[in-house]
Amino acid sequence: MFKRVFLASVLVSLFVVPAYPVTAVKYSVDANHSTVGFSIPILDGVSSVRGKFTNFSVDVDFDETDITKASVAAVIKAASIDTGVEARDKHLRTADFFEVEKYPEITFRSTRIVKRGKNLVAVGTFTMHGVSKEISIPFVSTGKFYNPVTKKNLMGFSASIQLDRRDYGMAWKHSAVPNWVGDLVTIELVILVHT
């Protein structure tokens, strides 16, 4: 009797694969309903210029049971910068600023997601204009939605962070008015992702 029970348990262990719940879900950006925007002060803060990047990708691995196991990777095409003024955008693509032919991509890849109080922060490596630095991006989840037409799950996120353009080798100053363009750039992200 003992031998038969033992043999049965061995067979079960060999041929029955235990079902472990898979909680991580891969999401990709819905670029048509997302914005990678920025604003920068001009004239010593008297006004500001707003713009965005129109060509980008964002991939998210999201673990709903443990957000700290999530990850995000983003790639922005620097040449897609758009401030609504063609001459200004051409200047921003030159070596004075983004130098897009030499540095065509701006990237962020998280190394961890952490909780700070009630807030969530993506910590990772940000690379722009050939310079890589570890930065922390506070973000919030704006909700979830199931699209019955496409049968896809969607999630929204938003974030805001300030960067000093001089930290990334963009120190251009107007020759006649040095404080024409400010140094601190506010990055504003509204991201929609889907399965």
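A polar contact is a pair of N or O atoms within 3.5 Å; within protein, one of the two must be able to donate a hydrogen and the other to accept it. In this predicted model, the side chain of Thr186 makes such a polar contact with the side chain of Gln162, at 3.3 Å.

## Overall make-up

The protein has two helices and 11 strands. Along the sequence, these elements follow the pattern α-β-β-β-β-β-β-α-β-β-β-β-β. Of the 195 residues in the protein, 36% are buried. Among contacts with a separation of 6 or more, 54% are between residues 24 or more positions apart. The protein exposes about 12,200 Å², and carbon and sulfur atoms supply 59% of that area.

## Strand S11 and its partners

Strand S11 covers residues 184-194 and runs antiparallel to strand S1, residues 24-29, with two bridges joining them. Ser28 has His194 as its bridge partner in S11. Strand S2, residues 35-42, is also antiparallel to S11 and is joined to S11 by five bridges. In that pairing, Gly37 stands opposite Glu188. Strand S10, residues 152-164, is joined to S11 by 11 bridges, again in an antiparallel arrangement. Here Leu154 stands opposite His194.

Thr186 belongs to strand S11. Its relative accessible area is 16%, under the 20% limit, so Thr186 counts as buried. Leaving aside neighbours within four places in sequence, Thr186 is in contact with Gly37, Phe38, Ser39, Ser160, Ile161 and Gln162. The C-alpha atoms of Thr186 and Ile161 are separated by 5.7 Å, although the two residues are 25 residues apart along the chain.

## The loop residue Ser34

Ser34 lies in the loop between S1 and S2. Is Ser34 buried or exposed? With a relative accessible area of 9%, Ser34 is buried. The side chain of Ser34 reaches the backbone oxygen of Asp30 at 2.8 Å. Beyond its neighbours within four places in sequence, Ser34 is in contact with Val29, Phe56, Val190, Ile191 and Leu192.

## Salt bridges

How many salt bridges does a search of the whole structure find? The search finds nine.

| Pair | N to O distance |
|---|---|
| Glu134 and Arg112 | 3.9 Å |
| Arg166 and Asp164 | 2.7 Å |
| Arg165 and Asp183 | 3.4 Å |

The salt bridge between Glu134 and Arg112 has an N to O distance of 3.9 Å. This pair links distant parts of the chain, with Glu134 in strand S9 (residues 131-147) and Arg112 in strand S7 (residues 105-116), 22 residues apart. Glu134 is exposed, at a relative accessible area of 57%, whereas Arg112 is partly exposed, at 39%.

Arg165 forms its salt bridge with Asp183, the closest N and O atoms being 3.4 Å apart. Both residues lie in the loop between S10 and S11, so the pair ties together parts that are 18 residues apart in sequence. Arg165 is buried, with a relative accessible area of 4%. Asp183 is likewise buried, at 15% relative accessibility. Salt bridges that share partners join Asp164, Arg165, Arg166, Lys173 and Asp183 into one network.

## A nonpolar surface patch

Which residues make the nonpolar surface patch of about 290 Å²? The patch is made by Leu43, Val46 and Trp180. Trp180 is found in the loop between S10 and S11. Its relative accessibility is 36%, so Trp180 counts as partly exposed. Patches are made of residues with over 30% relative accessible area and no salt bridge, and the 36% of Trp180 is over that cut-off.

Note on methods:
Residues are numbered from 1 along each chain as its sequence is written. This is a predicted model: local features need pLDDT of at least 70, side-chain atom pairs count only at pLDDT 80 or more; totals for chains, interfaces and linings use all residues. Side-chain values use heavy atoms; hydrogens and water are left out. Two strands pair if DSSP finds at least two bridges between them. Helices (H or I, at least four residues) and strands (E, at least two) are DSSP runs, numbered from the N terminus. Buried means under 20% relative accessible area, exposed over 50%, partly exposed in between (1.4 Å probe, protein chains only). Contact means heavy atoms within 4.5 Å. Patches are made of residues with over 30% relative accessible area and no salt bridge: like charges are joined within 9 Å, nonpolar side chains (Val, Leu, Ile, Met, Phe, Trp, Tyr) within 5 Å. Accessible areas come from the Shrake-Rupley method with a 1.4 Å probe; for residues, only the protein chains shown count as cover. A salt bridge is a side-chain nitrogen of Lys or Arg within 4 Å of a carboxyl oxygen of Asp or Glu.
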